[in-house]
Amino acid sequence: MFALHKVRWLLAIALLLPALPALAADKKIKITTTVTMVADLARSVGGDRVEVEALMGPGVDPHLYKAAASDVTKLQQADVIFYSGLLLEGKMQDIFGKLARSKRFVYAVTESIPLDRLLEPPEFAGHYDPHVWFDVPLWKLCIDTVAKGLSEFDPAGKDGYEKRAAATRARLDELQAWALKKAGELPAERRILVTSHDAYNYFGRAYGFQVVGLQGISTVSEAGLADVAKLTDFIKQKKIKAVFVESSVPHDTIERISKDAGVKIGGELFSDAMGTPGQIENGYDLGTYEGMIKHNLTTIVEALK
Ligand SMILES: [Zn+2]
């Protein structure tokens, strides 16, 4: 008797479940991104309405990243997809192409940057340099695509997205003022940045640094012996005080150059991935875009002073 009673109750509850609209209203918009910098933008603009997951975590190199089957599933299940674009995610182009044909809400955040503000370095023949996030005003332009994409998927949230987009732009204006001041602490002739791969061309243009990367724009091609010798000579000749390793690129070649040229390693910079959220260094949260920019500039300026 008692058991039957219980079964009836369970049945009644089960019948009630699909009719609960409150659950649907609380459902967050699922956003999947590639790199963490894009996830940070999506969180800033999306606020409470969204739930964001980045496929590539701290230390992951987007140039070499191949999507696993589980990533493809996540992308297919996402409401909105944001990626960086300009071939940063070089091995995922086919997937984005396919997704864009079957889904409406797939966006490269860099599409809101006017082409004449992009760099087209000779070593990346015919392609734009994708590392735009190191020029804060350029990255700020990407907010437009995020706000547009979210509003297209969720028109009811448009006001909120635009408000948060404006607040994010204001925050990045403050960051830019800070960055210009920080770079200004270093005399112009000391502003030479030597790193593993050419992730800092936009950084160099924005903050007045000459940038020398060992591996070229993408990490796909490795440095040859001739490059290593040339860079060692350059460092000695310019009396550069420090070289830098990157969190998403193996350290060995830069370590060798540091030894050969007799210069110290000035620290680890973030290039194509942010740090771990909540990891605080010098008061900066390395898992945020602002923390990443401040960490890099502080590390560079202090080591080259
Ligand atoms: Zn890169």
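I will start with the strands and then turn to the helix contacts.

This is a predicted model, in which local features need pLDDT of at least 70 and side-chain atom pairs count only at pLDDT 80 or more, while totals for chains, interfaces and linings use all residues. Residues are numbered from 1 along each chain as its sequence is written, and side-chain values use heavy atoms, with hydrogens and water left out.

Helices (H or I, at least four residues) and strands (E, at least two) are DSSP runs, numbered from the N terminus. Strand β1, residues 29-33, pairs with strand β2, residues 50-54, in the parallel sense over five bridges; pairing needs at least two DSSP bridges. Ile31 has Val52 in β2 as its bridge partner.

Next, α3. Helix α3 covers residues 36-46 and packs against helix α7, residues 158-183, at about 125°, with the axes 7 Å apart. Axes are lines fitted to C-alpha atoms, for helices over the stretch in contact, and angles run from 0 to 180 degrees between N-to-C directions. The two helices, α3 and α7, are therefore oblique to each other. Under 35 degrees counts as roughly parallel, over 145 as roughly antiparallel, 65 to 115 as roughly perpendicular, and the rest as oblique.

Which residues of α3 meet α7? They are Ser44, Val45 and Gly46, and their partners in α7 include Tyr161 and Arg171; contact means heavy atoms within 4.5 Å.

Last, α6, residues 136-153, packs with α7 at about 175°, axes 10 Å apart. So α6 and α7 are roughly antiparallel.
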